[in-house]
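Thanks for coming. Please have a look at it first.

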Amino acid sequence: MRRSLLVALVVLPFLASCTKKNAGNEIVIGHYGSMTGSEATFGQSTDEGIRLAIDEINATGGIKGKKIKLITMDDQGKAEEAASVVTRLIEQEKVVALLGEVASSRSLAAAPIAQAKKVPMLTPSSTNPKVTEVGDFIFRACFIDPFQGTVMAKFASENLKAKKVAILRDVKSDYSVGLADFFAAKFKELGGEIVADVSYQGSDVDFKAQLTQIKSKNPDALFIPGYYTEVGLIARQARELGIKSTLMGGDGWDSPKLSEIGKEAVNGAYFSNHYSTESKEPAAIDFMNKFKAKYNKQPDGLSSVAYDATKMLIKAIEASPEIKASAIRDQLAAVKEFQGATGKITIDDKRNAVKSAVVVQVDGSNNKYVTTINP
Amino acid sequence: MEDFVQHIINGVSLGSIYALIALGYTMVYGILQLINFAHSDVYMMGAFASYYTAMFLGRDNQPGVGTLVILLVASMVACSLLGLVIERFCYRPLRKAPKLNILITAIGVSLFLEYFAQVVFGADPKVFPSVLNDTVLAEMNGVQLKSSDVTVLAVTVIMMLILNFVIYKTMLGKAMRATSTNMSVASLMGVNTDKIIAFTFIVGSSLAGVGSVLVGMKYPKIDPLMGMLIGLKAFVAAVLGGIGNIAGAVLGGLLMGVSEEMVVGYLSSTYRDAFAFGILIVILIFRPSGLLGKNSVEKV
Amino acid sequence: MKPLLVFAGLWLCGFAVDFSFDAFIQLILIYIMINMMLAMSLNLVNGYTGQFSLGHAGFMAVGAYTSGFLSTMLPPMAGGLQIFSYFFYAISGGLAAALAGWLVGLPSLRLKGDYLAIVTLGFGEIIRVILLNTQAVGGARGMYGILGPTDWDLGGFVVSKFVIGYTHALFWVVLCFLTIWRLIRSSHGRAFLSVREDEVAAEAMGVNTTQAKVRAFVLSSFFAGVAGSIFAHYANYLNPGSFAFMRSIDAVIMVVLGGMGSLSGSLLAAVFITVLPEALRPLKDLTGVDLRMVIYSLSLILLMILRPKGLFGSNEITDFIRRKSSAQKVKA
């Protein structure tokens, strides 16, 4: 009994891997993301956005009579898993296009594989400029760090009239480090002063040491280019310590969880985003309603850019004369003035999305529109 | 100067959380010589138990002593049951196996709880209900002493005193010490070692339950992996103080908290963890069994 | 002679894999070989010398980053000569890791049991934090564009990049296996084993226990570094997150699962631990939710309870074969 159970345990997985695949009249798209692990919430949000867009197109009959099949594979938030998963999606599932990843580090691990196999890869939210430099099959549907950093630096010095700014960055996240660097460079260029540049590590819960240090420098504003998972707590602790500076951040803040965790501490903070909840744009309103109807919650930033990226990919597939990876690539490269929920997107010659950013102000669960900044 | 005082307050308050969780590690280690990797995930489950209890009772936004008591009870009960189940089904069958195998089982249980929680509760962070209103106890030159900081420290110290009392002044404690020294001899002397070990797990796990509510009160964000980092730090703190030693765990936790705080405040925030581990390594090189650990001389 | 034949046989298998399987299976095969080296090298410390190390990922990281960085300074040679370049990177990565192992081992190996585990864990984390903050190797963004094996065109017949990478990895796996296998049967190895069995007795018998421990640790770090180097050039991308605490844990899991002090056990466990999470992926189609890691951790617990000594205990696979054949002889 013991022995047979043991043998079954060892042999079963190898059998499980031999399950047959159904190759029907479908267009297969792969999504690789962190569905489990320490960054699971980002991967899952992204997947929700993607599924919403796919279900929508399948409900209207698919593309040229073919339904779209989405295969999501989990990379656990590990770079080497991202590489193996993308290889698997391309080699075994024969996907025509890839969506992913949130983190630039994992996109950078997977992009060379997609490039070598000539499968277009569209990343919804990797903002590091290096990602699309890998090759001509790699695209992105979001703005890049230098642009976002510039937006907030300009906003801080022109609208907030801030002279002294402190930065609190997440050293574990390439997104945060990149954004902080570009912000600092631009802000100094505009004549401001960075009085403190300290860091934390994602999934920390105590930031008081860093904040105490920042408090003594008495900055006009505090720039925190991190994710909502930490920012809510940072904001609370900053207020507890008596820091009165204006808080600022990037699109990583966009989530209903931000104000749930941060409560009144985040009210009045500014961050750059793709759109505001007050947006009058029909595409944005439509998206927010559909998302709420399907998942019974407000979308966060990652869901909305993922939704747009998927829509953009679907449009490219529709426009392709035949459903082939190279044809889809050409159509993606030709995307112009695509009206998504998060704004008008044009793909430039470096395969980056050119789109405007808005600066919003947190007001409870709403993000109030403040200003639009064009690229 | 204000900064320094503030850093000390922050450090002690963070350290007392490490200490509280370290107590659970050290209890189990004291008896079984097992690093109970699953402890940090029991702590996480405790946080979720109290979260859902508060949701169920509709007390998610009614700060007060009543809420605190309800959540503490819920989380302690949930944690001790879980601890008991883990001990019974995962560790007991391996009582005679080499130490490393139980360790791997503990890691397996830890991974299981983490992934299970991600599937069942979802990976997105949840907001912990507000438990107690935070009040300022004392203020001097902008440096504030908050009630939440004091509560955690007080709870940790009280727990430490109770544990020390139980272990050194009661029959139960005598049985625990006997089990810890030599399990087979203890059982020959009429100690029901299985019961004693189960009891230890109940105590250790309910400490994790208390910790989860207090942490939730201070850092109101809970997610399935919340135990990972804090558990690692708490465990390191337990080793630093001399693992198996109750007072050592508290000392180690406080030292860990304050040194982390000082590293960030005066050296470099980027290298926070590196320095924290560096301090640990230096201390262990000079005191190989931790600060308060007994330096056992091996005899032939 | 025999090892050469084994190497040649396995090498020919590589060609077969190249023709009959896709790049995904090939990648998994390389990952298996990397894990094999990690498991075998850690077994030398954990299984044979009885010292509990939790910092293996750190040494792997040192090897991987050294090798990756070196290849950006000195790009690999073209054609068939590239294998020598990768060999050179692997040696350098291994030596750097061995140096790190020596620096870590010398002060910390006088600690015992779990205290040693924590110190090695601490060193592993320190290495990771340093890498995370070193911009020269990419910091949090990671180091990308590391050159890997390329196809070798022999005028019509192309030796694929997989075969080159596989040959290189296989060479190291076989070398690692033979080194440890021969070592533990030599007088040095006896010293390691005596440290595991009883340190005081070993000391009394004239074994320099500290030196034995440091030697085992340095050699183990060397092979971990080589494994890191192979990883760097096959994944073409490095990120400090890949060398976190969990990877050290994975290595310990493989050692214990295979059996402490069993090299063939380590090999089998490496295959199991690498393949299981990948093989469980299709399960999602059946259950709808991603249960694969839940099942992975459950099977880990079950395996430990069912086989508390690991798959092989401290036996080798040859022991089972020998026992069987001798049993048959008795019958005859």
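Start at A:Gly249, which stands opposite A:Phe271 in strand S10 of chain A. Before going on, a word on the source: this is a predicted model, where local features need pLDDT of at least 70, side-chain atom pairs count only at pLDDT 80 or more, and totals for chains, interfaces and linings use all residues. Residues are numbered from 1 along each chain as its sequence is written, while chains are lettered from A and ligands numbered from 1 in the order in which they are written.

Back to the strands. Strand S9 of chain A, residues 246-249, runs parallel to S10(A), and 2 bridges join them. Helices (H or I, at least four residues) and strands (E, at least two) are DSSP runs, numbered from the N terminus. Two strands pair if DSSP finds at least two bridges between them.

Is S10(A), residues 270-273, covered on both faces or open? Both faces are covered, with A:Tyr270 and A:Ser272 buried on one side and A:Phe271 and A:Asn273 buried on the other. Buried means that 20 or more other C-beta atoms lie within 10 Å of the residue's own; exposed means 12 or fewer, partly exposed is in between, and C-beta atoms are placed from the backbone.

Next, the hairpins. Strand S11, residues 338-340, and strand S12, residues 343-347, both of chain A, pair in the antiparallel sense over 3 bridges. There are 2 residues between S11(A) and S12(A) in their hairpin, and A:Gly340 stands opposite A:Gly343 in S12(A). S12(A) also pairs in the antiparallel sense with strand S13 of chain A, residues 353-354, over 2 bridges. Here A:Ile347 stands opposite A:Ala353 in S13(A). The hairpin of S12(A) and S13(A) has 5 residues between the strands, and A:Arg351 in it takes a positive phi near 65 degrees.

That arginine deserves a moment. A:Arg351 counts as buried because it has 22 C-beta neighbours inside 10 Å. Which residues does A:Arg351 touch, not counting residues up to four places away in sequence? They are A:Thr132, A:Asp136, A:Ile138, A:Phe139, A:Arg140 and A:Ala333. Two residues are in contact if their C-beta atoms, placed from the backbone, lie within 7 Å. A:Glu133 is 218 residues from A:Arg351 in sequence, and the two are 8.5 Å apart in space, C-alpha to C-alpha.

Now a helix. Helix H4 of chain A, residues 104-116, has 13 residues that at 1.5 Å a residue should span 18 Å, and its end C-alpha atoms are 18 Å apart, which agrees. The expected span is 1.5 Å times one less than the number of residues. H4(A) bends by about 30 degrees at A:Ala110, and a proline, A:Pro112, follows within four residues. That bend is the angle between axes fitted to the seven residues ending there and the seven starting there. Of the 13 residues of H4(A), 11 are buried, so the helix is largely enclosed by the rest of the structure. The buried ones include A:Arg106, A:Leu108 and A:Ile113. Just after H4(A), A:Lys118 takes a positive phi of about 55 degrees.

For chain A as a whole, there are 12 helices and 15 strands. Its radius of gyration is 21 Å, which agrees with a value near 21 Å for a compact globule of 375 residues. The radius is taken over C-alpha atoms, and the globule rule is 2.2 Å times the number of residues to the power 0.38. Of those 375 residues, 59% count as buried.

Chain C has 14 helices and 4 strands. Buried residues make up 56% of its 332 residues.

Finally, the contacts of chain C. With chain A, the contact takes 34 residues from chain C and 35 residues from chain A. The chain C side has 21 nonpolar, 8 polar and 5 charged residues. Ala, Val, Leu, Ile, Met, Phe, Trp, Tyr, Cys and Pro count as nonpolar, Asp, Glu, Lys and Arg as charged, and the others, Gly among them, as polar. With chain B, the contact takes 32 residues from chain C and 35 residues from chain B. Helix H5 of chain C gives the most to the chain C side of that contact, with 9 residues.
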